[in-house]
Amino acid sequence: MSNDVMTPPHALVSGASIAGLSAAYWLRRTGWDVTVIERAPAFRDSGQNVDVRGVAREVLKRMGLFDAVKALNTTETGAVFVDGRGRVTAELPAGPEGATAELEILRGDFARAILDHLPTGVEIVYGDTITGTTDDDSVTATTAAGRVLRADLLVVAEGVRSATRDRIFGELVGRRALGVNMVFGTIPRTAGDDDRWRWYSTVGGRQVHLRPDNHGTTRAILSYPRDEDLASLDRDQALARVRARYAGAGWEAARVLDGFDASEDVYVDHLTQIRMPTWHRGRVCLVGDAAWCVTPMGGGGASLALTSGYVLAACLSSTDTEAALTAYERWMRPLVESVQKLPPGVVRAAYPRTRLGLALRTLVVKALTSRLLATLTARFTRVAGTDRPLPPIA
């Protein structure tokens with residue numbers, strides 16, 4: 001890079017969500033030419049609550065985005081458990097690392113904040129996707145639209161169901177299904193909604209969540225344990241299965257189901273962790289959910305996504321590609337594994353199926369959120385934290 005006439009290295013980033021945009025931002029900041037390819041026809045501003053925790057807060061400050069993200073908070077002030085009449089039965093700890101974080105923001109607002117802050121020179125191509133790659137002295141990617149793109153590095157940030165990852169890494173892609181289905185969507189706000197995350201559980205492991213946003217609507221989640229993969233069905237089939245599953249569930253379940261039928265912002269997920277022995281092969285590397293997907297059960301996915309873009313670029317700024325990708329993995333893996341490692345029995349504990357199980361869970365939650373144990377309980381929401389300094393940018 002000391003030769004003034006040397007052409008800057010070129011990175012191709014596949015996926016324009018948080019991980020991909022973070023990688024694009026930091027690679028450009030460290031001297032790379034960057035092209036981002038995104039299959040959606042335009043920027044996707046949809047999505048549910050995410051938060052910025054642990055070391056990701058420092059990454060955000062280095063981007064100069066801390067105050068901007070804080071100003072885009074969802075307006076949520078806390079989290080409570082409610083019964084079938086909406087009465088509060090327990091309240092989760094609040095604070096910077098509580099269930100509702102200080103930096104609580106919608107996924108679309110977060111991605112937009114990064115997009116609007118990208119350095120000059122990042123090219124974004126919408127409405128196209130990678131269909132094939134070769135990796136020799138450089139990576140050559142062909143796309144569905146017929147483009148042929150050559151790069152010194154391909155960064156795959158396509159999410160948990162990444163097709164490019166599956167083609168390149170094949171048998172190295174390990175999947176751990178957690179046996180939980182979640183349906184996310186945006187529904188109209190009503191006078192009865194407030195500024196708290198309200199969490200309702202009933203028999204059969206069925207959960208209903210309502211969360212305020214800063215757009216005048218309400219973000220809703222239906223979640224229940226089941227081995228069937230709702231994400232493999234089309235929208236109408238999935239919602240029909242969920243409606244049958246939630247018959248007689250009570251509280252706001254019927255309202256949420258009706259809202260999902262009319263919503264254009266519904267996302268169905270069968271929670272699955274991605275576990276891989278390596279996140280790079282040749283000149284291709286994975287970031288964010290494409291590499292590890294901690295799922296909402298682990299939490300901290302957006303924080304890990306943001307951090308991965310910085311760590312990747314920092315490592316590449318100080319050494320050659322192969323050594324840099326190894327260093328990137330070495331730094332990120334302990335952070336990821338600390339979030340992915342769920343306590344034994346966590347799904348059964350989170351989704352009690354009987355009235356007795358619900359009663360016991362209520363007693364446990366009340367004890368854990370009491371003044372005596374609140375400080376201890378708050379530790380469970382501290383994710384993506386590390387005592388290690390971020391790698392420096394050379």
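Strands here are DSSP runs of E at least two residues long, helices are runs of H or I of at least four residues, and both are numbered from the N terminus. Two strands count as paired if DSSP finds at least two bridges between them.

Before I start: I'm working on a predicted model, where local features need pLDDT of at least 70 and side-chain atom pairs count only at pLDDT 80 or more, while totals for chains, interfaces and linings use all residues. Residues are numbered from 1 along each chain as its sequence is written, and side-chain values use heavy atoms, with hydrogens and water left out.

**Entry: the three-stranded sheet.** I looked up the strand order and got β8-β9-β10, an open sheet with antiparallel pairing. The edges are β8 (130–135) and β10 (148–151); each has a single partner strand, so one side of each has no neighbour in the sheet. I noted an average twist of 20° from one strand to the next (axes are lines fitted to C-alpha atoms, and angles run from 0 to 180 degrees between N-to-C directions). Then I checked β9 (residues 139–143) against β10: they pair in the antiparallel sense over four bridges. In that pairing I found Thr 140 opposite Arg 150 of β10.

**Entry: the six-stranded sheet.** This one is open too, and I read its order as β7-β2-β1-β11-β18-β17, with mixed pairing. β7 (122–126) and β17 (280–281) are the edge strands, each with a single partner, so one side of each is left without a neighbour in the sheet. Inside the order I picked β11 (residues 153–156) and β18 (residues 284–286), which pair in the parallel sense over three bridges. Val 155 faces Cys 285 in β18.

**Entry: Leu 72.** I found Leu 72 in the loop between α3 (66–71) and β4 (78–82). Which residues does Leu 72 touch, leaving aside its neighbours within four places in sequence? I get contacts (heavy atoms within 4.5 Å) with Glu 104, Ile 105, Asp 109, Ala 113 and Asn 214.

**Entry: helix α12.** Leu 356 sits in α12 (residues 355–368), and I have Leu 356 down as exposed, at 59% relative accessible area.

Key:
Buried < 20%, exposed > 50% of the residue type's maximum accessible area, 1.4 Å probe, protein only.
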